[in-house]
Amino acid sequence: MVMQYKNKQGLQFEVTILLQDIIDTLIQDMFVDAQRKLDQINPSDTLISDDDGVFDYYKPELFASIGSESKIHFPLKEQVKRLYLLLNTKEKVAEVPSNSEARRRISFFATSLFMDMPAAPKVRSMLSFSIVTPYFMEEVKFSDEELHSNQDEASILTYMQKIYPDEWTNLLERLGSKITNEDIRYWASFRGQTLSRTVRGMMYYRKALRLQAFLDRTNDQELYKGPVGTERGQNKRNIHQSLSTELDALADMKFSYVISCQKFGEQKSNGDPHAQDIIDLMARYPALRVAYIEEKEIIVQNIPHKVYSSVLIKAENNLDQEIYRIKLPGPPIIGEGKPENQNHAIIFTRGEAVQTIDMNQDNYLEEAYKMRNVLQEFVRHPKDQAPTILGLREHIFTGSVSSLAGFMSYQETSFVTIGQRFLADPLRVRFHYGHPDIFDRMFHLTRGGISKASKTINLSEDVFAGYNSILRRGHITYNEYIQVGKGRDVGLNQISKFEAKVANGNSEQTLSRDIYRLGRRFDFFRMLSCYFTTVGFYFNSLISVVGIYVFLYGQLYLVLSGVQSVLFIKAQTMNMKSLETALASQSFLQLGLLTGLPMVMELGLEKGFRAALSDFILMQLQVASVFFTFSLGTKAHYYGRTILHGGAKYRPTGRKFVVFHASFTENYQLYSRSHFVKSFELLFLLIIYHIFRKSYGRVHVMVTYSTWFMAMTWLFAPFLFNPAGFAWHKIVDDWSDWNRWMRNQGGIGVQPEKSWESWWNAENSHLRYSVLSSRILEVLLCLRFFVYQYGLVYHLKISHDNKNFLVYLLSWVVIIAVVGLVKLVNCASRQLSSKHQLIFRFIKLLTFLAVVTSFILLSCLCKLSIMDLIICCLAFIPTGWGLLLIVQVLRPKIEYYAIWEPIQVIAHAYDYGMGSLLFFPIAVLAWMPIISAIQTRVLFNRAFSRQLQIQPFIVGKTKRR
């Protein structure tokens, strides 16, 4: 037949492939014990030869149990029918799943089968394992109130129906009229970042183990007929129940799941609906166990004592039933909450391995089938090379919510794939970066546990588990043939809080003994790899930002001292271009596009380089560079401040699935000190440089354009990425809320969210506990504002080119006069404003007239110009801010003196002025409706591609807040 198509090569290939399919079908499906017969016909076929001519046997199939006798065999009629279908049925596009998530999961599962995966043992012979999930107060499942909308509010259910239309249709088709409100709650909860989703995903392990145990004990004919296919009546039911009981017992021996709900006892006693939701979860999954901390007060000899216990419970008849109780010597939460929560529950785990799973994770049934293979990694290597932590791949499932969620998804994907792959081999510096890694349970329980929980220093408790494992001669690997779902933050405020927490944790790592010991014991190359892949990344971010300030202050010195003028004149005289070239050469490195190269490479490997390039271009159109530049400022600020003053703390981000509008007040509280103040300083430096520079033509633009971009990004990114940030009705509400927040009085018991005074005290509280050396360094850093002022006052026309030091001293007279006027008005306001309004207003009028008269006299007598007034503002405003920073350092010494009140008034004026300057351009843009439409399109591009109108959800979510 092949020879007949000798001249038609395409048809010849098709015939050849068809014959190969027929032979493969006959061998695999129709022959009984085909492999043994082939071995008898041609024994050498079972051997493969390497380059040295040495023969070895084929490795067993990936999912074939070791020692299995044969494959599944069907009766002849079924075999012929299957052969007919294989030869006549063609693949159709319609048969490919329409759901993109289904296609992704199938694609990854099929690809993973060709990776280096150890063979799976029988379930009876596999290593047993447990899963631990720490839970605090997060969402268990969505409530009816959240799911169902009111008259003018949008609901999570509507959002889910729009973003997952095919899955909602499938639910209605599957349940029909039998659908209940509870079914809808679970359907929506399984698509959010809830505990229900995590539990459902992790319980797939048990479901997979039951099926695999059934396959292990069933021969081929029984599998085809059914395990009880030949039985009848009561005997059939008894055999089925006996088999099911046996499979359940075997799955429970090999797998256990413990959720550590430290507040469950308190929630239950307070009638919190979260407690009932947790009980419902245990009833839905009978193998699920919950560990919590119980606090009881008992009377011993007429003296009340508090008794603490770790309690393990299960569900029985829809009620919680106690299994074990361990009395504790005292309150267990004495360090960081999350690691302490894990530590008290670790005693209830069992088996050789323990997997740590966060409560915003998910799992997939097809991936659960590979758990036997993964656990074999502990035993496939020699004892001295056996891994102690198995790193697993993560899939970020929140990338489609918004453009910000997509940026985080791409960033995390590049880290958990190409990043961790490279860290594990060849660098050998991969540590534990959180969930879902699998620990060698016995190794870690006998060497300090899986969570260090010391207060503050172990804020990032996960990475310290990796440090501990390596320091105790452990080995950490990374396995990509299995993946676990992971949810990430979807709003800018959530993302910033998360990055602040990680930056704080890295600063504490920098000061820890663990990093010191690793650096001392690694070889030179591994030490450098460890540095640049842990704390070095954050230190480099800090150095990058500090380098920008050093560059601008250096340029300012050249401009104000006249050195730049001399260099420019000399270069023009000698026709030298080298200075311009040197200044412009750095602009190519300022583009920062190389930082996205790992992400593009990984996307290219996974999706193809054409798709990777299109995704990268789309990210740039969605202003991803603005987001990453803003993120750089977050990392640098919190890392640097914690290194200098300490004060690292856990920052709860929330795991809401629907994005919402953040008020102007909330944004100002979160970003004022980390971004806005620094951005205003950069703008002042750039303006001064622009005023006094000598023209270099295009060189000036190439030197400073990236700094202008960074300054504007740090100012307006929170409003650009804020849903409905340019909607006029939101602007009006934000302005009213901002003024109310600025006016409210602070004090004991007033939260920072309610009053500027309380927020200002809380924002600077870290300085109270700072050591003396850190305070001195803080004061020295503030001196840059005074040097800045010193350079500017000598360029005032009113100074008439006088270089005497007296000119600088006179500038301080102006600052002292301003403080005196503020003190005068403040005293008058406190003593006269309530009972003597007329006198108070008269004093304010006299003060205003005195200031105006001073300006007129200076203008007439000393030739004070408008440019002088501008330069004075540029000089004195930063100086005043520097003085505020210094008095905050000295606050414990001067807080109870009369000078403190005007200082607080001036600080209030600075914050109100910065907020007003920020608010003005946002309000101007809000007048143009097209700006709001463009912003919504940029933020929710993927949602628009699904015909999802996002505006009602933003409005509804804000109203519920």
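Which residue's side chain meets Arg105 in a salt bridge?

## A salt bridge across the chain

It's Glu366: its side chain and that of Arg105 form a salt bridge, with 2.8 Å from N to O. The partners come from distant parts of the chain, 261 residues apart. Arg105 belongs to helix α4 (residues 100-112), while Glu366 sits in helix α16 (residues 365-368).

Keep in mind that you're looking at a predicted model. In total, the structure has 38 salt bridges. As a bit of background, side chains of opposite charge can pair when their charged atoms come close.

Now find helix α19 (residues 403-427) and helix α28 (residues 597-607). Their axes come within 9 Å and cross at roughly 80 degrees. Angles of 65 to 115 degrees count as roughly perpendicular, so that's the label for α19 and α28.

Who touches whom here? On the α19 side, you'll see Tyr410, Ser414, Thr417, Ile418 and Arg421. They meet Pro598, Met599, Met601, Glu602, Leu603, Leu605, Glu606 and Lys607 of α28. Sort the residues in this contact by class and you get seven nonpolar, two polar and four charged ones.

## A nonpolar patch on the surface

Next, have a look at the surface. Phe524, Phe525, Leu528, Tyr531, Phe532, Phe539 and Ile543 make up a nonpolar patch there, and together they have about 700 Å² of accessible area.

Two helices, α24 (524-533) and α25 (535-561), each give two or more residues to this patch. The top contributor is α24, with five residues. Tyr531 is a patch member that lies in α24.

Note on methods. Residues numbered from 1 in each chain as written. Predicted model: local features only at pLDDT ≥ 70, side-chain atom pairs only at ≥ 80, totals over all residues. Heavy atoms only, no water. Axes fitted to C-alpha atoms, helices over the stretch in contact; angles between N-to-C directions. Helix = DSSP H or I, 4+ residues; strand = E, 2+ residues; numbered from the N terminus. Parallel < 35°, antiparallel > 145°, perpendicular 65-115°, else oblique. Contact = heavy atoms within 4.5 Å. Nonpolar A, V, L, I, M, F, W, Y, C, P; charged D, E, K, R; others polar. Patch = residues over 30% accessible without salt bridge, like charges linked within 9 Å, V, L, I, M, F, W, Y side chains within 5 Å. Areas by Shrake-Rupley, 256 points an atom, 1.4 Å probe, with all protein chains shown as cover. Salt bridge = Lys/Arg side-chain N within 4 Å of Asp/Glu carboxyl O.
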